[in-house]
Amino acid sequence: MVKIFVDAREVPSRIPDALREMGAEVEIVNLEVGDYVLSADLVLERKTAIDFCMSVTDGRFINQSSKMMMNFKRRIWLIEGDVYSTRAQIHPDALDGALSYLAVVLQQTVLWYKAPRRAAGIIYRLAKHEQEGLDYVPATRKGKVPAGVGQSLFTLEGLNGCGPVAARKLLEHFRSVHAVINASVEQLCAVKGIGPKKAQAIYDGIHFQVSEGMSVEEQPTLFADPPASDPLV
């Protein structure tokens, strides 16, 4: 169970309640620095977009960021909403400068989110990764894929719900990518470690058909950056 220290001023936001519902142990305290302490090294400051803009205007963010830097090795700012779309009387260039100052000069991470309900989810995930790690090794492409078994495994790993372990089990069972592609959901379930949900996900991914009029050119791929049309999480 992850443990999160939360500043008492965050109680009205209901985020502490949501964190408890997610399974976190929450301790309400009067923090001198930040709003959420996720470990001895990591602190998080949460602000609405308007509050962030006002803190830039009155200089509070300089004081807060400096205290965070002096007391914690890693610092995160979690901002709700678009700082460029508030009613605050502040020039966009000033916001650019403030965000650049945090990210480059002070090396503090800035994360944005749209809806209040997402704040608890982000904070919980940050705390869980900080305290417990990922619990798995992310699959990454290691250079050129060798022909034969290597190419077959690489092809299977691209299927939805199919990581390196599942790919090996599928290839061991069916002996070829062609056989996997032609397998039914029931046949996929016959592979040890492949449950109904994963089997259905693999089957649906194989048999997905691009509808007429849908553009494929602009769709993100496994090794392409996602579209950056919206800066908010």
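Biologist: Why is Tyr 84 called partly exposed?

Modeller: In this predicted model, Tyr 84 has a relative accessible area of 38%.

Biologist: What makes Trp 112 buried?

Modeller: Its relative accessible area is 10%. Buried means under 20%, so Trp 112 is buried.

Biologist: And why is the pair of Tyr 84 and Trp 112 called tilted?

Modeller: Their ring centres are 6.3 Å apart, with the planes at 50°. Tyr 84 sits in the loop between β5 and α4 and Trp 112 in strand β6, 28 residues apart.

Biologist: How many aromatic pairs does the structure hold?

Modeller: There are 4. One of them joins Phe 61 and Tyr 101, with centres 6.1 Å apart and planes at 80°. Over 60 degrees counts as edge-to-face, so that is the name for this pair. Phe 61 is in helix α3 and Tyr 101 in helix α4, so the pair ties together parts 40 residues apart in sequence.

Biologist: How do you know that strand β4 is largely enclosed by the rest of the structure?

Modeller: Of the 7 residues of β4, 6 are buried, so the strand is largely enclosed. β4 also pairs with β5 in the parallel sense over 7 bridges, and with β3 in the antiparallel sense through 2 bridges.

Terms used
Residues numbered from 1 in each chain as written. Predicted model: local features only at pLDDT ≥ 70, side-chain atom pairs only at ≥ 80, totals over all residues. Heavy atoms only, no water. Buried < 20%, exposed > 50% of the residue type's maximum accessible area, 1.4 Å probe, protein only. Helix = DSSP H or I, 4+ residues; strand = E, 2+ residues; numbered from the N terminus. Pairing = 2+ DSSP bridges. Phe/Tyr/Trp six-rings, centres within 6.5 Å; stacked < 30°, edge-to-face > 60°.
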